[in-house]
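Okay, thanks for coming, everyone. I'd like to take a few minutes on a ligand and the place where it sits, so let me put the model up.

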Amino acid sequence: MRRHIIIVLAGVTAVVAVIGPIVGLLFLSFGEMVRAHELQLVAHARSVLQRTDEIFGSTERTLREVADATGGLCEAEDVKILQRATFRSLHIREIALIVDGRLVCNTWGVAEPPQAVERRDAVVPPPNQIVIYQRAPDGGDDLPTIVVQARVFDRIAVNAQLNPLQFLEPFRYVRDIEGVGLSILTRDGLMIAGDASLVGLRVGSGISRIGRDVIAVERSWRYPALAAVKAPVAWLTRAWWREALVAGGAGGVAAAALVALIVFLARRSLSLDAELRLAIRRGEFFVQYLPSVDLASGVCVGAEALIRWRHREKGVVRPDLFIPLAEETGLIEPMTEWLMRHVADDLRAFEREGIDVYVGVNLAPWHFRDHRVVDAAREIFGGAGCSFERVMFEITERSVVGDRGPAHEVMVALRALGAKLALDDFGTGYSSLGYLRSFTLDYLKIDKSFIDAIGKGAATSGLVDVIVDMGRKLELKVVAEGVETAEQVEYLRACGCGYGQGWHFAKPLDPAAFREFARIHARRRAA
Ligand code: G
Ligand code: G
Ligand code: MN
């Protein structure tokens, strides 16, 4: 079950590792994106206001010139002045002189008699000030006009009518952005030009949010006017969503791939684990025996029991694929128990047939955690027709170092049953003389790598002599593992190594084949 927790944790870690930075970046980019878009709105508002100020500025200059030139009278010469000023101006449609609330003359001529005008037209602004407002169209199809009015004398004003379309004409590209609205309003929020939805707007300069809109406002300090640009809040983040979708999508795919990979790998090892359990229940294992031979006489003295797994679909699975997993998960315990039962059966058969051999059973570090292997061995080999004399337990160095106390107790208990102990794969682990002395062993098995080195001039080849010599001095029987050539046999014999196993003598054999091998290479009984 710990495995499942590890898988879940690994999955969560993968997701966090991939998604975390993306979320962080998107969070940062969200703020940036909003700021950039707000600044864009402010910039648009500034441009609009700049043009507005230019139009009003030019109009004001024209009005002042007209006022200076006409002196407020409406003689033929004055009308000409109005006409000339109108035609010279890029912005003005019509200029009119208002006296005591009546239009006396305009660009088109003298009004006979003076015409009453709208009340707003009648207002005479204070000196050095300008009144600006929008006037409703006179007729059906006409557009409203913008009136800019300046004072000439106490009762006399001059005003100019402007086409409202000219203000926003250069900003069509902004107005074309979906959802974006531009307006020019009077200081009091009345419409001058643009988007009617902002009429009545009462916010300060800068960025504000009103409902679902963001509004940038720039106020003129020369004229009673302001420019406002409005966009939906969603517009600020529309580009961000696209970014988020792409980044989130890519991140999601990466995280999903990682999780899938983790789950796949975990499943594979999980299923191997599960399959091993099934295999034990279904009895998919079998045993082979690797003979050990007395090097001096060639007599078969014993064998190492090697477990094999015949998988239903995959065929025979190599032990190095499943033994490590079994050792890791503890499945090695029932596996070894199964193996010992078969070995016990075979030993009883050997005994009945007069085959005088021992059988080695490999133990894993797991077995040295408690005494269960001792109890199992006692139960399995303790019955009639089977002698502990013929049982050898093979222990690797990694089983017994590190956790010396309990492991040592297990070894002592196994030996107390009458079984032999062999130190397996000697030379590949710690190879400490200290514990060689402190453990009571019967056999020392020299690892195949040292035997391979024989006759190759390798630096390790001479070590075989040393190990054999050491084994003899410790009164251990020495077995060479993985003997493959006659040259190695010769060398081992010469340096006093007692026993050997390996392909030179036999490959791992099925029980029947091993029985045959043992009979052929049996000790010659004294006649
Ligand atoms: O023959 P071979 O390829 O089977 O062995 C591979 C490894 O598996 C060897 O190191 C051998 O010791 C180990 N092995 C084979 N059978 C057993 C067993 O029953 N128990 C343990 N612990 N190891 C085994
Ligand atoms: O670690 P242990 O001694 O239990 O390992 C025995 C392993 O060594 C088994 O996998 C067995 O098949 C393999 N083996 C035994 N003799 C030879 C040999 O002569 N040559 C090779 N290549 N492998 C061998
Ligand atoms: Mn072994």
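On its own, ligand 2 exposes 520 Å², and the protein buries 73% of that; the areas are Shrake-Rupley with a 1.4 Å probe.

A quick word on provenance: this is a predicted model, where local features need pLDDT of at least 70, side-chain atom pairs need 80 or more, and totals for chains, interfaces and linings use all residues. Residues count from 1 along each chain as written, chains are lettered from A and ligands numbered from 1 in written order, and side-chain values use heavy atoms, with hydrogens and water left out.

Who's around the ligand? There are 13 residues, counting any with a heavy atom within 4 Å. W503 and E484 are among the closest. By class, the shell is six charged, four nonpolar and three polar, with Gly counted as polar and Trp, Tyr, Cys and Pro among the nonpolar ones.

Now, where does ligand 2 sit? In the largest pocket, with more than half of its atoms within 2 Å of the grid points. A pocket here is an open set of points on a 1 Å grid over the protein atoms alone, where a 1.4 Å probe fits, with protein on both sides within 12 Å along at least five of seven lines; lining residues have an atom within 4 Å of a point. The volume is about 920 Å³, and of the 32 lining residues, E304 and L306 are among the closest to the centre.

How values were computed
Points joined across faces, edges and corners; volume = space filled by probe spheres on them.
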